[in-house]
Amino acid sequence: MRELQISPSALLVLRHHVESLYPDEACGGLLGSKDSPENLTVNESAPLANAELAERRRRYLLEPEDVLQLERHAAAAGLRVVGFYHSHPDAAARPSAFDLEQAWPWYVYLIIKVDQGRADELSAWRLADDRGSFESLAIGSDESLEPEGRAR
């Protein structure tokens, strides 16, 4: 897989979610479809609760029940869970060693840098086949992470 397409509505939901939970990490699911072996489309982002209690500003944790509910929602909508997103408050949108340890091989991971409460940088990653590193994916969308009229 080389490119991830994200719908403007999915980006909007994602941006509002990560900004609303700043300075804690936010997390959620990505629902979509695989258009070809090279391309994946995200049609919907689904905010989930961060179940991490001790280090919410540096970690996120998904509850198995929430992931199961997300799978059911995706199936009902004719989509599938294609990945997950989480924020990095005041840190680069690059996977951490913790992100690598927690990653599942068949999903895409979006990481959003939230700089002083504003969604800033967005990156997409897929766990390499050897599970020892991440591969970067190109991101395509009709809209940027910044809303119209908002100065950087």
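Analyst: On a 1 Å grid over the protein atoms alone, a cavity is a set of points where a 1.4 Å probe fits but cannot get out, and lining residues have an atom within 4 Å of a point. A volume is the space filled by probe spheres set on the points, which are joined across faces, edges and corners. The model is predicted, so local features need pLDDT of at least 70 and side-chain atom pairs 80 or more, while totals for chains, interfaces and linings use all residues. Residues are numbered from 1 along each chain, and side-chain values use heavy atoms, without hydrogens and water.

User: How many cavities of 30 Å³ or more does a search of the whole structure find?

Analyst: The search finds one. About 50 Å³ of space lies in the largest cavity, whose lining consists of Y60, H86, D99, Q102, A103, Y109, I111 and F134.

User: Which residues form the aromatic cluster?

Analyst: Phe, Tyr and Trp (six-membered) rings pair if their centres lie within 6.5 Å; planes under 30 degrees apart are stacked, over 60 edge-to-face, and the rest tilted. The cluster comprises F84, W104, W106, Y107, Y109 and F134. The count comes to six aromatic pairs. W106 and Y107 form a tilted pair, because their ring centres are 5.9 Å apart and their planes stand at 50 degrees.

User: Is W106 buried or exposed?

Analyst: Relative accessible area (1.4 Å probe, protein chains only) under 20% means buried, over 50% exposed, and in between partly exposed. W106 is exposed because its relative accessibility is 59%, whereas Y107, at 8%, is buried.

Technical notes
On a 1 Å grid over the protein atoms alone, a cavity is a set of points where a 1.4 Å probe fits but cannot get out, and a pocket is an open set with protein on both sides within 12 Å along at least five of seven lines; lining residues have an atom within 4 Å of a point.
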